[in-house]
Amino acid sequence: SNKVCYLDTVELRWYTPGICRPVPQGRRSHSAINLGEKLCIFGGYNGRSKEHKNDLWVLDPESWTWQQIQPNGDGPNARRRQALCQVGNRIFVFGGTSPYTGPPLYFTAEQLAMFQHQ
């Protein structure tokens with residue numbers, strides 16, 4: 001889903017604001033961080049389209065508008081379940097899982113035996 005909800009920590013009440021278009025495609029397993037007074041999301045996975053994401057969006061909670069950010073340079077490959085952290089004026093992306101498009105993987109009997117001991 002691309003629905004946004006927030007908890008007002010003073011009223012202890014949930015709200016679902018009306019968000020102006022454009023909006024990011026729905027996803028799960030993305031990362032989100034606070035950028036000043038805005039919310040930034042990166043990556044994730046859309047189960048309906050079976051697509052890993054590497055897009056970057058910023059939500060302004062004053063105007064309830066999303067803006068897709070398209071940085072220069074080669075960004076990280078599409079992924080989900082990654083960590084996102086801001087240090088100074090840099091945002092770090094670490095880990096996550098990406099789709100594998102190579103040949104099928106096979107394990108030898110010796111490799112499979114290692115899994116049995118765990």
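The structure is a predicted model, in which local features need pLDDT of at least 70 and side-chain atom pairs count only at pLDDT 80 or more, while totals for chains, interfaces and linings use all residues. Residues are numbered from 1 along each chain as its sequence is written, and side-chain values use heavy atoms, with hydrogens and water left out.

Helices (H or I, at least four residues) and strands (E, at least two) are DSSP runs, numbered from the N terminus. In order from the N terminus, the elements run β-β-β-β-β-β-β-β-α. The radius of gyration of the chain is 19 Å, well over the 13 Å that the globule rule gives for 118 residues, so the chain is more spread out than a compact globule. Here the radius of gyration is taken over C-alpha atoms, and the globule rule is 2.2 Å times the number of residues to the power 0.38. Along the principal axes, the C-alpha atoms fill a box of roughly 60 × 35 × 30 Å.

Of the 118 residues, 24% count as buried. Buried means under 20% relative accessible area, exposed means over 50%, and partly exposed lies in between (1.4 Å probe, protein chains only). Among the contacts in the chain with a separation of 6 or more, 38% are accounted for by residues 24 or more positions apart; contact means heavy atoms within 4.5 Å.

Some pairs of residues illustrate distances within the chain. Tyr-106 is found in the loop between strand 8 (90-94) and helix 1 (109-116), and this tyrosine is exposed, with a relative accessible area of 70%. Tyr-106 and Val-10 are 96 residues apart in sequence, and their C-alpha atoms are 55 Å apart in space. Gln-70, in the loop between strand 6 and strand 7, is also exposed, with a relative accessible area of 64%. Tyr-15 belongs to strand 2 and counts as partly exposed at 25% relative accessibility. The C-alpha atoms of Tyr-15 and Cys-5, ten residues apart along the chain, are separated by 5.5 Å. When neighbours within four places in sequence are left aside, Tyr-15 is in contact with Val-4, Cys-5, Tyr-6 and Asp-8.

The largest pocket holds about 290 Å³ of space. Of the 16 residues that line this pocket, Phe-42, Asn-54, Pro-71, Gly-75 and Pro-76 are the closest to its centre. On a 1 Å grid over the protein atoms alone, a pocket is an open set of points where a 1.4 Å probe fits, with protein on both sides within 12 Å along at least five of seven lines; lining residues have an atom within 4 Å of a point. Grid points are joined across faces, edges and corners, and a volume is the space filled by probe spheres set on the points. Strand 5 (51-60), strand 6 (65-69) and strand 8 each supply at least two residues of the lining. Strand 5 gives the most, with three residues. By type, the lining divides into eight nonpolar, six polar and two charged residues. Ala, Val, Leu, Ile, Met, Phe, Trp, Tyr, Cys and Pro count as nonpolar, Asp, Glu, Lys and Arg as charged, and the others, Gly among them, as polar.

A disulfide is a covalent bond between the sulfur atoms of two cysteines. A search of the whole structure, with a disulfide taken as a pair of cysteine sulfur atoms within 2.5 Å, finds zero disulfides. The sulfur of Cys-20 is 16 Å from the closest cysteine sulfur, in Cys-5, which is too far for a bond. For Cys-40, the closest cysteine sulfur is in Cys-85, 12 Å away and also too far for a bond. Cys-20 is partly exposed, with a relative accessible area of 38%, whereas Cys-40 is buried, at 1%.

Most residues other than glycine have a negative phi, and most peptide bonds are trans. The peptide bond from Arg-21 to Pro-22 is cis, with omega near 5°. Pro-22 is placed in the loop between strand 2 (13-15) and strand 3 (31-35). Ser-29 is found in the loop between strand 2 and strand 3, with a positive phi near 60° and a partly exposed state at 27% relative accessible area. Arg-81, in the loop between strand 6 and strand 7 (83-87), has a positive phi near 65° and counts as exposed at 54% relative accessibility.
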